[in-house]
Amino acid sequence: MTGTDQSSFLGRISIRRNQVNAMEGYHEQEIEDLELFQRQLSDRFTELLSAPDDAPTEAFLSISWIRKLLDVFLCCETECKAILLMERDAAQISKPPLDRLIPELLERVVKAMDICNAVTNGVELVRHCQKLAEIAVSALEQKPFGEGQARRAKKALVSLMSAMHVDDKESSVQKTAERSWSFGRRSGNKDRHHGHYRSLSWQVAKHWSASKQIHAMTMNLAAPRGPEASCLPAPVYILSLIIVFVMWVLIAAIPCQERSGLTTHLPINKHVNWTHSLAGIHDKIGEEWKKKEKKGMAGLLYEMQKMEKLGQSLIEFTDSYQFPGEKEKSDEVAAQVAELAEVCRRMDEGLVPLQMLIREAFHRLVRNRTEFLDVLEQGAPVV
Amino acid sequence: MDECQSAIPAHDGDLHVVAAAHHIVKALGTTKNLSDDLRKILIDLDAHLSLITSNIDSKGGKGFVEVEERLKRVERKIVIWESDRIMIWDSGPKEASDYLEAVDEVQTLIDSLRGLSMNENQKQKELLHRASSLLQMAMSRLEEELIHMLVKHKQQSEPTYIPSPSSQRNVVYNESVVSLDNESVKEALSKNSCTDECGEYIVDLVPEHVIPDIKSIAKVMFASDYGQEFCEAFIGVRKEALEQHFDILENGKLSIEDLLKMEWCSLSTEMNKWTWSMKIIVGVYLMSEKRLCDQVLGKFGSVNSFCFLEIAKTTILCLLNFGEAIAMGPQEPEKLLRLLDMYETLADLVIDIDALFSEDGGSFVRLEFHKLLEGLADSVKAAFNAFGVAVSSNGSLYPFPGGGVHPLSKYVMNYISMFPEYCSTLNLLLEDQHSDVASLVSEPQCGPTASLSTSCPMACHLRSITSSLESNLHKKSKLHKDEALQHIFLMNNLHYMVQKVKGSELRPFFGDEWIRKHNAKFQQHEMNYERVTWSSVVLLLKDDNPGSSSLSKSAFKEKCKGFSVAFEEVYKNQTSWCIPDPQLREDLRISTSLKVVHAYRTFLGRNPAHVDDKCIKHTVEDVEKLLLDLFEGSPRSLRNSRRMMKT
């Protein structure tokens, strides 16, 4: 959705609210706003769902796809907040059931902030993988190619694999020795292993668990029924659901501390039109997750998966390589190297902006919370 | 492999030219005062020329004899270490420099072999392959040596010079406006003034003597195109070291959720730790880390700032996230000083941060830092306003016993006496709200003729807070039913305020005019007290008929009785009242004495005939003594004291 679409949507709500305060049919217009909003949501998620599974760019769960998802999130957040707060009397959002729903929403917002921070850290790990892959690529691209380069590439790829397969349950610093680069004959000397392992959990509290956060965020998250479905509880539910959903996708895609049981069912109400695509994305990622979870992995990020596959195959190549190498094999390898180089390039282009975008989402959540608190404070009875 | 036309000279004439050139190069190489660079060029050229020679010598591909010999020599030097468990740099400088020399030689050979175009010469290919493998072996080894070196020496640079945060950190002010009752407030309030001297304290994260070794490894690894490996290893170790330093500073890894739910007491401790850590991490460690990067990687352009950013990023982000969590929390008044500490810490570090992250890649950190600084500025303002609101809205249901100094007065005066330490910050942050407050506080000091210190935004805010306090105290005084006690209460509290202002850094911000005015105010309450309490008592002793010389016995008796009943009543009441300040208490007793004892003595003196024990319950001396019991805060019954005096 373009900026103009959004500003016209916001303008529409603003005009409404200004005009209708005392008019008849206020409620009907609100319903109309809400429906329009839901239609737009549906369109956006349908577009996300329709991303190809495997494509050089814009693949499902690729960096650029996640950036799109975050863009959608930022748009929805703005619009949802407009529906909820714009020109709204504080008394309206502090009466039941909103007096319960809004604080619950704000708790989810706080949890989402922590997830954003954890995921930002996870992106660092992805960047580390990128650097290792780049070393492998530059070794494999060397001409003339020989055993030296093969060993160099292998060393980088092995580190890459171990960095990718960090067990997110026990990524504390003490564990680094066993997982870090193997130094072969000198591996008895543990001191040497420092520094090759980037700890994932460093920024987060020890017992913090991404999947538990998600689980906690889904508590009491239920689609409003009956008459509530068409008034204020509806946008609160939508905003909550989208926050939980987006955080869930981020955790699934990007390395993060403690993600076991992430397939926890998100309470997506499939009977509402706008959630069809959302549910579709949820199912698709859930399936992927189930397939991969047991193997231990860095996340479902398209580029990482690609990197893993290519890395594995290139390790096999470097293992069996003997100078001067077979001609046919080298063509096949060259293609893989080119592909890996392309993945690195996309990471190089996309990861930093992705990190910025996650940070923007973080700041948006902070602001979101403040705005709600401000309105609630105005509505609070004066003591 | 590239199939190129052979550029190797084939004629005898060429051979002579090559031989001559080779000769000259060798001769030049023996010159003593050559720069290192020039010598390297000559060595390279030497190798290259000998290759050409050997190539020409060996048309059949069996040549490269000299090259192969050299390769074998360095191969031995490099491979020998592969079976050794001892690290090269631990073995000695000679071993290290020999190894580096060998690596240089391999690189030279590779360059030379590459410099020759590839024809179908199998031998040449094979040699190049062998040399490349050897180089890989050496690079892998150098990487290990580097990591070993960095890890080994990082342990030795523990920050022994930094006083532990717990000894430095002052007692935390943990009370809120509602719960305060002691005198220890003042010491507990002291500013978290953690060593200013730690500001620009750059330390050797790696001992000075190791730097040249690290640099020499960097040099060969970058020269051999293994710069990426060097960076990854360097970043890995340094990043972990920084994170360990951060852990040593006792920063709990707290989620935003935890922080928002935290009790004020623990939160205050965390805020203090953060302030401390921020100073140490940025002022000491990041500055030192930057220097280390400059020393090691200064020659390698953008690699330098890239590595620094990678090392520093997660740690600084972690610190910033804590700040964000604090900035978004509710800004209660008790947070004000800690928030000011945090704000000032960041404000002091802005220049460092801008310098450390001046490159494009670091702009993200710079931006986040400035964003947080703004956020904390807003938090300080919010907490300041909340403080003002708390001062004026603090309510009580019951009168304060004894009419002494109310805890609110103590809290407020002690709290604001910390503000002058934050003067410039508060002036900056309160600037925009200044005009509103200045007009509210209609003290003459705020006028155009006022001195700088009394007219600054902080001064006006301070006076606005004390005037809120005054009006709150007036409200509280009304809870006392006894009008005299109302005056004692106000006198005590106003006197306390004036004393606090006079005896602290607050004085210049309030100015002499304020002090004069408030002296007059409490003195007025003192006078009012005397009037309300004693005027009616003294009136009882008044001569009804100024004409006659003395009273009749019965009239005298009547007056005596009336006086002692009234006096006893006052005594019973006011011994339980309290004037905590000894000087003030003394002053009030003296002036009371002057008034009451004087009137009593005059009264008795005028009627000498009737003076006997039976009708005079209290002698002048008794009254004088009894007055000393007032305002001690311990209720006394006069019956007891009289009996005591009689025995």
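Analyst: Helices (H or I, at least four residues) and strands (E, at least two) are DSSP runs, numbered from the N terminus. This is a predicted model, in which local features need pLDDT of at least 70 and side-chain atom pairs count only at pLDDT 80 or more, while totals for chains, interfaces and linings use all residues. Residues are numbered from 1 along each chain as its sequence is written, chains are lettered from A and ligands numbered from 1 in the order in which they are written, and side-chain values use heavy atoms, leaving out hydrogens and water.

The side chain of B:E568 makes a polar contact of 3.2 Å with that of B:H618. A polar contact is a pair of N or O atoms within 3.5 Å; within protein, one must be able to donate a hydrogen and the other to accept it, and residues adjacent in sequence count only if both atoms are side-chain atoms. Leaving aside residues up to four places away in sequence, B:E568 touches B:K617, B:H618 and B:L638. Contact here means heavy atoms within 4.5 Å.

The next step out is the domain level. Chain B is divided into domain 1 (11-59), domain 2 (250-393), domain 3 (407-430 + 454-532) and domain 4 (541-628), with bounds that come from an automatic or database domain assignment. In chain B, the C-alpha centres of domain 3 and domain 4 are 35 Å apart. Twelve residues of domain 3 of chain B are in contact with 13 residues of domain 4 of chain B. These two domains of chain B bury about 1,000 Å² between them, and 62% of that lies on carbon and sulfur atoms. Buried area is the accessible area (1.4 Å probe) that two parts lose on being put together, summed over both.

Zero salt bridges are found by the rule across the interface of domain 3 and domain 4 of chain B; a salt bridge is a side-chain nitrogen of Lys or Arg within 4 Å of a carboxyl oxygen of Asp or Glu. Three residue pairs, both members at pLDDT 80 or more, are in polar contact between domain 3 and domain 4 of chain B. On the side of domain 3 of chain B that touches domain 4 of chain B, the elements giving two or more residues are α21 (483-502) and α22 (507-539) of chain B. α21(B) supplies the largest share of that side, six residues. The class count for this side of domain 3 of chain B is six nonpolar, two polar and four charged residues. Ala, Val, Leu, Ile, Met, Phe, Trp, Tyr, Cys and Pro count as nonpolar, Asp, Glu, Lys and Arg as charged, and the others, Gly among them, as polar.

The area buried between chain A and chain B is about 5,000 Å², with 52% of it from carbon and sulfur atoms. Six salt bridges are counted between chain A and chain B. A:R359 and B:E368 form a salt bridge in which the closest N and O atoms are 2.9 Å apart. Between chain A and chain B, 20 residue pairs are in polar contact, both residues being at pLDDT 80 or more.

A:E124 and A:R127 meet in one at 3.6 Å, N to O; because they are three residues apart in helix α5 of chain A, about one helical turn separates them. Both A:E124 and A:R127 are buried. Buried means under 20% relative accessible area, exposed over 50%, and partly exposed in between (1.4 Å probe, protein chains only). A:K131 forms a salt bridge with A:E134, with 3.9 Å between the closest N and O atoms. A:K131 counts as buried because its relative accessibility is 16%, whereas A:E134, at 21%, is partly exposed.
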